[in-house]
Amino acid sequence: MHLDKCFPREVEKAKENRTPVVIVGGTVEYHGPHCSYGCDTLVAQGLIEKLAEKKDIIIAPSISYSPSSWAVGDDTSGTVHIDEVVFEEYVFNVFMSMLSAGLRNIYVVIHHQFEQENLMPMTLSYMKAAKRATMRYLEKTKGQGWWGSESYKDYYENLGGGDDPFSWIKVIPTMSTEVQNATGYDHAGEFECSILMALYPDCVKLERLGDIEHWFTKSAANANAEMGKKMVELSLEYLEKTIV
């Protein structure tokens, strides 16, 4: 079920059931001559669409324009980079709207720059915005001093559970460290091209590798759908267990 195709009745049901609401945190970023600009968005999107076939989730519209960074290509490369401070304020407002609407089980799923689950600027922007929005919402609805009030005397017993407000929004990778170690992880190389090929074969054109040479794209010549299918399978197992 897609949020932008829902009606109030479906949203009310999702709130009652704490149905996971999943946002793909994507990018528009240069991935060499052979890989589409939306690679990071598409990998996460494709996995979430497959996850929706296995369990009840609501897929919110993806966020593609983001802090991609100029690390791979400069500002003529086609990458769209949004300054982290500007972006954080944008997603803060998205989260505030969702919390105000009563949604309490929100996941942001990211494929971009999440090697070994290291926290890079885009991921940190989402995480900081999530905590800011949660704090602001609680102060807005419960007043200052909410945490110190008697109504939160069981705060520590509820940590990590559904009644823990700081678990309302979670930011997670498409591929956990364990999944990455079991297969591989790179930028526009053998592994990223393989998983994209398995999900969206039209978005990889290996015959264009020779258009321009990059150290990070050389291994893409070894990309194959079989490897991609294994990566998809392991990623889905992790996501199905994590998004609850």
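Me: Buried means under 20% relative accessible area, exposed over 50%, and partly exposed in between. With that in hand, and with the reminder that this is a predicted model, is Gly 46 buried or exposed?

Reply: Happy to start there! Gly 46 sits in helix H2, which covers residues 39-51. Its relative accessibility comes to 6%. Since the cut-off for burial is under 20%, Gly 46 counts as buried.

Me: Let's step back to the whole chain. In what order do the elements run from the N terminus on?

Reply: The protein chain has seven helices and four strands. Reading from the N terminus, the order is α-β-α-β-α-β-α-β-α-α-α.

Me: Why is the protein chain said to be as compact as a globular protein of that length, and what is its radius of gyration?

Reply: The C-alpha atoms fill a box of roughly 65 × 35 × 35 Å along the principal axes. For 244 residues the globule rule gives 18 Å, and the chain comes close to that, so it is as compact as a globular protein of that length. Its radius of gyration is 19 Å.

Me: What share of the contacts with a separation of 6 or more comes from residues 24 or more positions apart?

Reply: For background, 49% of the 244 residues count as buried. Among contacts with a separation of 6 or more, the share from residues 24 or more positions apart is 78%.

Me: How many disulfides does the chain have?

Reply: A disulfide is a covalent bond between the sulfur atoms of two cysteines. Cys 35 has its closest cysteine sulfur in Cys 193, at 3.9 Å, which is too far for a bond because the limit is 2.5 Å. By this rule, the number of disulfides is zero.

Me: Are Cys 6 and Cys 35 buried or exposed?

Reply: Cys 6 has a relative accessibility of 15%, and Cys 35 has one of 7%. Each value is under 20%, so Cys 6 and Cys 35 both count as buried.

Me: How are helices H6 and H7 oriented to each other?

Reply: Two packed helices are described by the angle between their axes and the distance between the axes. For H6 (residues 190-199) and H7 (residues 225-242), the axes are 7 Å apart and the angle is about 80°. Angles of 65 to 115 degrees fall in one class, so H6 and H7 are roughly perpendicular.

Me: And how do the residues of the contact of H6 with H7 divide?

Reply: On the H6 side the contact includes Phe 191, Ile 195 and Leu 199, and on the H7 side it includes Met 227, Met 231 and Val 232. Charged members are there too, among them Glu 190 of H6 and Lys 229 of H7. The contact residues of H6 and H7 divide into nine nonpolar, three polar and two charged.

Me: Where is Lys 230, and which residues is it in contact with beyond its neighbours within four places?

Reply: Lys 230 lies in helix H7 and counts as partly exposed, at 43% relative accessibility. Leaving aside neighbours within four places, Lys 230 is in contact with Ala 182 and Thr 183.

Me: What is phi of Gln 113 near?

Reply: Gln 113 is found in the loop between strand S3 (106-110) and helix H4 (121-142), and it is buried with a relative accessible area of 17%. Its phi is positive in a residue other than glycine, near 50°.

Me: What is phi of Ser 69 near?

Reply: Ser 69 is in the loop between strand S2 (58-59) and helix H3 (84-100), and it counts as buried at 17% relative accessibility. Here too the residue is not glycine and phi is positive, near 85°.

Me: Last one: which residues is Ser 176 in contact with, leaving aside neighbours within four places in sequence?

Reply: Ser 176 lies in the loop between strand S4 (169-173) and helix H5 (177-182). At 5% relative accessibility, it counts as buried. Beyond those neighbours, its contacts are Glu 117 and Tyr 238.

Note on methods. Residues are numbered from 1 along each chain as its sequence is written. This is a predicted model: local features need pLDDT of at least 70, side-chain atom pairs count only at pLDDT 80 or more; totals for chains, interfaces and linings use all residues. Side-chain values use heavy atoms; hydrogens and water are left out. Buried means under 20% relative accessible area, exposed over 50%, partly exposed in between (1.4 Å probe, protein chains only). Axes are lines fitted to C-alpha atoms, for helices over the stretch in contact, and angles run from 0 to 180 degrees between N-to-C directions. Helices (H or I, at least four residues) and strands (E, at least two) are DSSP runs, numbered from the N terminus. Angles under 35 degrees count as roughly parallel, over 145 as roughly antiparallel, 65 to 115 as roughly perpendicular and the rest as oblique. Contact means heavy atoms within 4.5 Å. The radius of gyration is taken over C-alpha atoms; the globule rule is 2.2 Å times the number of residues to the power 0.38.
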